[in-house]
Amino acid sequence: MGPIRLLLPGYVAHHGSVQRALLLENVHPTSVPILESAGYEVDYRKGALDEDELIAALDGVQLLGIRSKTEVTARVLSQATDLVGVGAFSIGTNQINLTAAAHRGVAVFNAPFSNTRSVVELAIAEIISLTRRMTERDRALHSGVWDKSAEGSHEVRGRTLGIVGYGNIGSQLSVLAENLGMSVIFFDTAEKLSLGNARRAETLDELLETADIVTLHVDGRSGNAGLFGAKQFARMKQDAIFLNLCRGFVVDVDSLAEHIQSGHLSGAAVDVFPEEPKKRGDAFESVLRGLPNVILTPHVGGSTEEAQESIGQFVAKKLSDYVSTGSTMLSVNLPNLQLEHTGVGRIKLLHRNVPGVLATVNQIFADHGANIEGQMLATRGDIGYVVTDISDVTERGASKKLQALDTTIRLRIRDAFERPEFPPGPAAR
C-alpha cells in the first residue's frame with residue numbers, strides 16, 4: 001500500500017489540497033509548528049471574534065483554536081460545515097456548545113492539567129498577601145505613608161483553608177497549603193480521595209463555618225452558576241478571606257462587596273468576573289474596585305509563560321492526533337477512543353448510538369471485500385464512534401454507503417486512494 005493520506009470533509013471541493021487551521025486570542029505560538037507539521041496552513045490572530053465574524057472566518061477551516069473570549073455557538077457550528085475539531089487552549093470549555101459540536105461531528109479538546117500549577121501558585125500568593133494585608137501596606141507606601149503595624153496581619157500557619165472543588169487544582173493546592181502548615185478542609189459533590197491530612201466536609205455549610213480562608217475551584221458547568229451568594233457569604237467566619245479563581249458566574253460579586261464593606265470579610269482575591277472585557281486595554285468596571293484588602297487580577301490564573309507554552313503544545317498535539325489517527329482521548333464531548341494503527345486504511349465513523357449500527361457497518365465492509373485488521377467502538381450518551389482499520393478492498397463504494405446511513409454524523413477516511421469529500425452525514429444536527 002502506498003503512502004497514507006488524510007482527507008478532511010470539504011477541503012477537496014473548496015480549497016484544493018489546502019487544510020486550514022484558525023488560531024484566535026493569541027494562543028501560544030508553539031501550537032503553530034505542530035499544526036503545520038500535520039499539514040495545516042495556520043491563520044494566527046491575536047483577538048477574539050464575535051459570532052458573525054467567526055462564521056465568516058471559518059469558511060474552509062477544519063481546525064479552530066480559541067481561549068476564553070470566543071464563543072462557539074450552535075449557530076456557528078451549524079454553518080461551519082468544514083470544521084472537524086476545536087481546541088480550547090484553556091481548562092474551561094463553557095464558551096463552546098459541546099452538545100451541538102458532538103452532534104455535528106466536531107471533536108473538542110482542552111488542557112485540563114497544563115496550567116494547574118500556575119493557578120495554584122497564584123492562589124498561594126494571594127492567600128499569604130491577604131492574610132498579611134500586604135495590599136494595604138503596599139498602597140500606603142505608594143501614597144507616601146509609612147504604615148508600619150502588625151494590626152490585622154497574620155501567619156497562614158495554623159489557619160484553616162477551605163477548598164470548594166477538589167479537582168486537579170483544588171487537590172494540588174491542598175498539598176501545598178499543608179506544606180505551609182495550614183489545615184485543609186474541602187467540599188466536593190463527587191467522591192474524591194483526600195490527599196495528605198485534608199478532611200472532607202459533609203456539607204458546604206460545614207466548610208464555610210470552619211475555614212479561615214475559602215477558595216473556589218469548581219468547573220464551568222451551568223449548574224454552578226450563582227453557587228456562591230449572600231447566603232454563603234453570611235455563613236463564613238468573621239474576618240475570613242475569600243478567593244475565586246475559577247469562573248466569574250459562580251459568585252454574586254455584589255454580595256461579596258457588601259461583606260467586604262461591612263467588615264465581615266477581611267479580604268478577597270478575584271481573578272474571574274461575570275462580565276469581562278474582550279481584549280487587553282479595554283475598560284474594566286466592577287463593584288469590587290477600590291475596596292480594602294481586595295486583589296483583582298484580569299483572568300490570569302493560568303497565564304504564565306510556562307503554562308501557556310504547555311497548553312499550546314498539549315492542545316495542538318491533541319488536534320493533530322485526532323485528524324491524523326482519529327484518537328479522541330481526552331476529548332470533552334466525544335467518546336474517548338484510541339486504536340493502535342495497523343498501517344492499513346483507517347475509517348472513522350461518528351454515528352448516532354442506536355442498536356445495530358456496528359453490525360450494519362461491518363456488513364458493508366464484508367459486502368465490499370474489506371478485511372478488518374483492527375476495530376474499536378466507544379459510546380458516550382447518544383453518540384457512538386467506531387474506528388476500523390481495513391485492507392484488501394476489492395470493490396469501491398463502501399464509503400458512499402457508510403456516508404448515506406441515516407445514523408452517520410461524520411465519516412472520515414485515511415488511506416492510499418483518492419476519496420470524495422464527506423460533509424456532515426444525515427444524522428448531523
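Which residue stands opposite Ile372 in strand 16? This tour of a predicted model begins with that position and then moves to loops, a surface patch and aromatic rings.

Stop 1: Select residues 371–380, which make up strand 15, together with residues 383–391, which make up strand 16. The two strands run antiparallel to each other and are paired over 9 bridges. Within strand 16, the residue opposite Ile372 is Ile390. Next, select Gly381, where the hairpin has 2 residues between its strands. Gly381 has a positive phi near 60°.

**Stop 2: two further positive phi angles.** Select Asn26, in the loop that joins strand 2 (19–23) to helix 2 (31–37). Asn26 is not a glycine, yet its phi is positive, at about 60°. Its relative accessible area is 38%, so Asn26 is partly exposed.

Then select Asp239, in the loop between helix 10 (230–235) and strand 11 (240–244). Asp239 is likewise a residue other than glycine with a positive phi, here near 70°. Asp239 counts as partly exposed because its relative accessibility is 42%.

**Stop 3: a nonpolar patch.** Select Ile128, Met134 and Leu180, and display the surface. These residues make a nonpolar surface patch of about 230 Å². Leu180 belongs to the loop between helix 8 (168–179) and strand 8 (183–187). With a relative accessible area of 34%, Leu180 is partly exposed.

**Stop 4: aromatic rings.** The structure contains 6 aromatic pairs. Select Phe228 and Phe242, one of these pairs, whose ring centres are 5.0 Å apart and whose planes form an angle of 35°, a tilted arrangement. Phe228 lies in the loop between strand 10 (213–216) and helix 10, while Phe242 lies in strand 11, and the pair thus links distant parts of the chain, 14 residues apart. Are Phe228 and Phe242 buried or exposed? Both are buried.

Now select Phe273 and Phe284, an edge-to-face pair with 4.9 Å from centre to centre and 65° between the planes. Both residues are in the loop between strand 12 (265–270) and strand 13 (294–296), 11 residues apart. Phe273 is buried because its relative accessibility is 9%, under the cut-off of 20%. Phe284, by contrast, has a relative accessible area of 26% and is therefore partly exposed.

**Stop 5: a charge over a ring.** Finally, select Arg412 and Tyr322. Arg412 is placed over the face of Tyr322, 4.8 Å from the centre of the ring.

Key. Residues are numbered from 1 along each chain as its sequence is written. This is a predicted model: local features need pLDDT of at least 70, side-chain atom pairs count only at pLDDT 80 or more; totals for chains, interfaces and linings use all residues. Side-chain values use heavy atoms; hydrogens and water are left out. Helices (H or I, at least four residues) and strands (E, at least two) are DSSP runs, numbered from the N terminus. Buried means under 20% relative accessible area, exposed over 50%, partly exposed in between (1.4 Å probe, protein chains only). Two strands pair if DSSP finds at least two bridges between them. Patches are made of residues with over 30% relative accessible area and no salt bridge: like charges are joined within 9 Å, nonpolar side chains (Val, Leu, Ile, Met, Phe, Trp, Tyr) within 5 Å. Accessible areas come from the Shrake-Rupley method with a 1.4 Å probe; for residues, only the protein chains shown count as cover. A salt bridge is a side-chain nitrogen of Lys or Arg within 4 Å of a carboxyl oxygen of Asp or Glu. Rings of Phe, Tyr and Trp (its six-membered ring) pair if their centres lie within 6.5 Å; planes under 30 degrees apart count as stacked, over 60 as edge-to-face and the rest as tilted. A charge sits over a ring if NZ of Lys or CZ of Arg is within 6 Å of the ring centre and within 35 degrees of the ring normal.
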